[in-house]
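Me: I would like to go through this model in questions and answers, starting from the way its elements are assigned. Please show it first.

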Amino acid sequence: MNPNVTKLESLKKMQSFALPRWKDLPEIDLYLDQILSLIGHWLGDYLSFDGKRIMTKTMINNYVKQGYIPAPINKKYDKYAVGSLFIIALLKHVYQMDEIFALIQQATDGRSPEDFFDYFCETMEQAVKHAVNGTTMVKDVPVKDARGICWNVCNSIACHMYVKNVFLINRDRESTGEQRKP
């Protein structure tokens, strides 16, 4: 067994990290199972650290009850809810829900959901690229600019993803009974 193979594979996977943009989100409203499938498809390679699902029906129902995302209409969630759940899926591995809600409120600062979602995804991709390459991402926004929150949040998530996917991958596989690659 050579654990470096797994680390190299993980690094390669992280180097290809890409997120959808607002225009890529479905234009039609989605059922809960469809959202879970979509989030798993987009983020599963990067956030399935311990073999658990990224998000569950119960989690989403709790987010609705707590007012973090809008309630479904006829059991279907709109594009805004899908985008919100996508961001929550990334942030929930580092932050608690009340923190996520506060950070998103501060970071959006009057911006449209489309602009915020796209800016978040672009910043997240840059942060992951820098984490993988061991470089520092330049903070190109003034201190009081709400986009600075997004910059800090994305860097914290990228560093967490990097450490989990590269250095702790074998530990998580052992805890779930998954076989290491030779």
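Reply: Helices here are DSSP runs of H or I with at least four residues, strands are runs of E with at least two, and both are numbered from the N terminus. The model is a predicted one. Under that numbering, Leu91 has its place in helix 4.

Me: Is Leu91 buried or exposed?
Reply: Buried means under 20% relative accessible area. Leu91 has a relative accessible area of 2%, so Leu91 is buried.

Me: Which residues does Leu91 touch, not counting residues up to four places away in sequence?
Reply: The C-alpha atoms of Leu91 and Ile157 are separated by 6.7 Å, although the two residues lie 66 apart along the chain. Ile157 is also one of the contacts of Leu91. Leaving out residues up to four places away in sequence, Leu91 touches Ile100, Phe120, Val153 and Ile157.

Me: In what order do the elements of the protein chain run from the N terminus on?
Reply: The secondary structure of the chain comes to eight helices and two strands. From the N terminus on, the order of these elements is α-β-α-α-β-α-α-α-α-α.

Me: What percentage of the contacts in the protein chain with a separation of 6 or more is between residues 24 or more positions apart?
Reply: Contact here means heavy atoms within 4.5 Å. The pair Leu91 and Ile157 is one that touches, and these residues are 66 apart along the chain. For the protein chain, among contacts with a separation of 6 or more, the part from residues 24 or more positions apart is 73%.

Me: Which residues of the largest nonpolar core touch the most other members?
Reply: This core has 57 residues, and those that touch the most other members are Leu43, Leu90, Phe120, Met124 and Met161. Two or more core residues are given by each of helix 2 (32-47), helix 3 (57-65), helix 4, helix 5, helix 6 and helix 7. To repeat the names asked for, they are Leu43, Leu90, Phe120, Met124 and Met161.

Me: Which residues does Met124 touch, not counting residues up to four places away in sequence?
Reply: Met124 is among the core residues that touch the most other members. With residues up to four places away in sequence left out, Met124 touches Phe17, Leu19, Leu90, Cys154, Ile157, Ala158 and Met161.

Me: What is the volume of the largest cavity?
Reply: Rolling a probe the size of a water molecule over the atoms shows where empty space is left. The count comes to one cavity of 30 Å³ or more. The volume of the largest cavity is about 50 Å³.

Me: Which residues line the largest cavity?
Reply: At least two lining residues come from each of helix 4 (79-91), helix 5 (97-108), helix 6 (113-133) and helix 7 (147-167). Helix 5 has the largest share, three residues. By class the lining has nine nonpolar, no polar and no charged residues. The residues are Ile87, Leu91, Leu103, Ile104, Ala107, Phe116, Phe120, Cys150 and Val153.

Me: Which element gives the largest share of the lining of the largest pocket?
Reply: The largest pocket holds about 280 Å³ of space. Of its 17 lining residues, Tyr80, Ser84, Ile104, Thr108 and Phe116 are the closest to its centre. Two or more lining residues come from each of helix 4, helix 5 and helix 6. The largest share, six residues, is that of helix 5.

Me: What is the phi of Asn74?
Reply: Most residues other than glycine have a negative phi. Asn74 lies in the loop between helix 3 and strand 2 (76-77). At a relative accessible area of 68%, Asn74 is exposed. Asn74 is not a glycine, yet its phi is positive, about 55°.

Me: Is Lys75 buried or exposed?
Reply: Lys75 is found in the loop between helix 3 and strand 2, and has a positive phi of about 70° without being a glycine. Exposed means over 50% relative accessible area. The relative accessibility of Lys75 is 65%, so Lys75 counts as exposed.

Definitions and conventions
Residues are numbered from 1 along each chain as its sequence is written. This is a predicted model: local features need pLDDT of at least 70, side-chain atom pairs count only at pLDDT 80 or more; totals for chains, interfaces and linings use all residues. Side-chain values use heavy atoms; hydrogens and water are left out. On a 1 Å grid over the protein atoms alone, a cavity is a set of points where a 1.4 Å probe fits but cannot get out, and a pocket is an open set with protein on both sides within 12 Å along at least five of seven lines; lining residues have an atom within 4 Å of a point. Grid points are joined across faces, edges and corners, and a volume is the space filled by probe spheres set on the points. Ala, Val, Leu, Ile, Met, Phe, Trp, Tyr, Cys and Pro count as nonpolar, Asp, Glu, Lys and Arg as charged, and the others, Gly among them, as polar. A nonpolar core is a set of buried Ala, Val, Leu, Ile, Met, Phe, Trp, Tyr and Cys residues joined through side-chain atoms within 4.5 Å. Buried means under 20% relative accessible area, exposed over 50%, partly exposed in between (1.4 Å probe, protein chains only).
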